[in-house]
Amino acid sequence: METRRILILLLLLTAMIIAGSLIYSASNSKQSINEDKIGVIVSIAPQAEFVEKIGGDNVKVTVMVPPGANPHTYEPLPAQLSNVSQAELYVQVGSGIEFENVWMGKISNLNKKMAILNSSRGIEFIKSTEYDEDNEYDTHVWVSPRNAEIMVESIYQSLVQIDPANKEYYEANKNKYLQELEESDENITKALAGNENKKILVYHPAWGYFCRDYGLTQISIEKKGKEPTPQGIANVIDQAKKENIKIVFVSPQYSRKNADAIASEIGGQVIIIDDLDKNYINNLKEVSRSFKNALNT
Ligand SMILES: [Zn+2]
């Protein structure tokens, strides 16, 4: 009787220990999966799509310039800077965008082990239409799907360097997304065919590389990153009337005030398009549709 009771107690105790260690190891392995994700920081939202499409479940992406904020003027919050200490990779746009010019030195000092990729490496810069005579370059490299293909290739190489064990996974993801970018490029080319040399009027000149790829020209209301002067507005109104332009495109990060004034002077309307939308391919499809409509009204 006595021995049997002790035996049962021992069995119960063993079962409890086994169950406990199973629960412990389950929660522990879940935790380690989260910790295993590669922390990647990007400056702007379209880059988040690029990294997530290649890295899939293996990456955790943080965007520095949040939706609605302006990468030409944005200052990161302290909480965002603290994310930097856990990241393994920072993907810079690398085209001289002001946010990075001002903050990259400080960001890289916060985490010396973090790899930094210049994703504009290999991209041919074009001069900004915003600047008339000097040699300032257009920093909005990402709005061209052809440039995006170059950026995606570099991001893939960085991820493989950090995590070579998953090279095949990243490669398959990258090839699939490159295919989607090529299709996007072909679709936009088809959508805008027949509009070569036509002009679009934008408040902020974010679409230079897109216009280069598809044979359009952008006229910007903003000059040298500044709001237009009354004379500048008068010039744009004259030009728009001469070119029979009826649509003024604005980015959501900017005030519509001047754009609205110009639209009413030319008997046209304001349409919002966003160069910083995270859904990169879908967004470019919508933008090409808006441009096509504007060029054929
Ligand atoms: Zn911009």
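**Loops, helices and their packing**

Asparagine 197 sits in the loop between α6 and β5 (helices are DSSP runs of H or I with at least four residues, strands are runs of E with at least two, and both are numbered from the N terminus). The model here is a predicted one, so local features need a pLDDT of at least 70 and side-chain atom pairs count only at pLDDT 80 or more, while totals for chains, interfaces and linings use all residues. Residue numbers start from 1 along each chain, following its sequence as written.

Back to asparagine 197: its phi is positive, about 70°, although the residue is not a glycine. Asparagine 197 is also exposed, with 7 other C-beta atoms within 10 Å. (Buried means 20 or more other C-beta atoms within 10 Å of a residue's own, exposed means 12 or fewer, and partly exposed is in between, with C-beta atoms placed from the backbone.) Asparagine 244 is another non-glycine residue with a positive phi, near 60°. Its place is the loop between α8 (230–242) and β7, and asparagine 244 counts as exposed, having 11 other C-beta atoms within 10 Å.

Zooming out, the protein is built with 10 helices and 8 strands. Of its 297 residues, 35% are buried. Take the contacts between residues at least 6 apart in sequence: 65% of them join residues at least 24 apart (a contact means C-beta atoms, placed from the backbone, within 7 Å).

Helix α10 covers residues 280–295, 16 residues in total. From first C-alpha to last, α10 reaches 22 Å, close to the 22 Å expected at 1.5 Å a residue (the expected span is 1.5 Å times one less than the number of residues). Its buried residues are Tyr280, Leu284, Val287, Ser288, Phe291 and Ala294. Looking down the axis of α10, these buried residues fall within an arc of 125°, so they line one face of the helix (the arc is that of the directions from the helix axis to the C-beta atoms). An α-helix has 3.6 residues a turn, so residues three or four places apart point the same way. On the other side of α10, Asn282 and Asn293 are exposed. As for partners, the buried residues of α10 pack against α2 (45–55), α5 (145–162), α6 (167–192), β5 (199–202) and β7 (247–250).

Two packed helices are described by the angle between their axes and the distance between the axes. For α6 and α10, the angle is about 5° and the axes are 10 Å apart (axes are lines fitted to C-alpha atoms, for helices over the stretch in contact, and angles run from 0 to 180 degrees between N-to-C directions). The two helices α6 and α10 are therefore roughly parallel to each other (under 35 degrees is roughly parallel, over 145 roughly antiparallel, 65 to 115 roughly perpendicular, and the rest oblique). On the α6 side, the contact is made by Glu180, Ser184, Asn187, Ile188, Ala191 and Leu192. The α10 side brings in Ile281, Leu284, Lys285, Ser288, Arg289, Phe291 and Lys292. Sorted by class, this contact has 6 nonpolar, 3 polar and 4 charged residues (Ala, Val, Leu, Ile, Met, Phe, Trp, Tyr, Cys and Pro count as nonpolar, Asp, Glu, Lys and Arg as charged, and the others, Gly among them, as polar).

Helix α6 packs with α5 as well, at an angle of about 175° and with axes 10 Å apart. That makes α5 and α6 roughly antiparallel to each other. Among the residues making this contact are Val152 and Leu159 of α5, and Tyr177 and Leu181 of α6. The contact of α5 with α6 has 10 nonpolar, 1 polar and 5 charged residues.

Helix α9 (residues 257–265) has Asn258, Ala259, Ile262 and Ala263 as its buried residues. They cover an arc of only 135° around the axis, which puts them on the same side of α9. The face turned away from that buried side carries the exposed residues Lys257 and Ser264. What covers the buried residues of α9 includes α8, β7 and β8 (269–272). After α9 comes glycine 267, with a positive phi near 65°.

Strand β7 contains isoleucine 247, a residue that counts as buried with 20 C-beta neighbours inside 10 Å. Leaving out residues up to four places away in sequence, isoleucine 247 touches Leu201, Gly268, Gln269, Ile271 and Ala294. Its C-alpha atom is 9.0 Å from that of threonine 297, 50 residues apart along the chain.

Methods:
Two residues are in contact if their C-beta atoms, placed from the backbone, lie within 7 Å.
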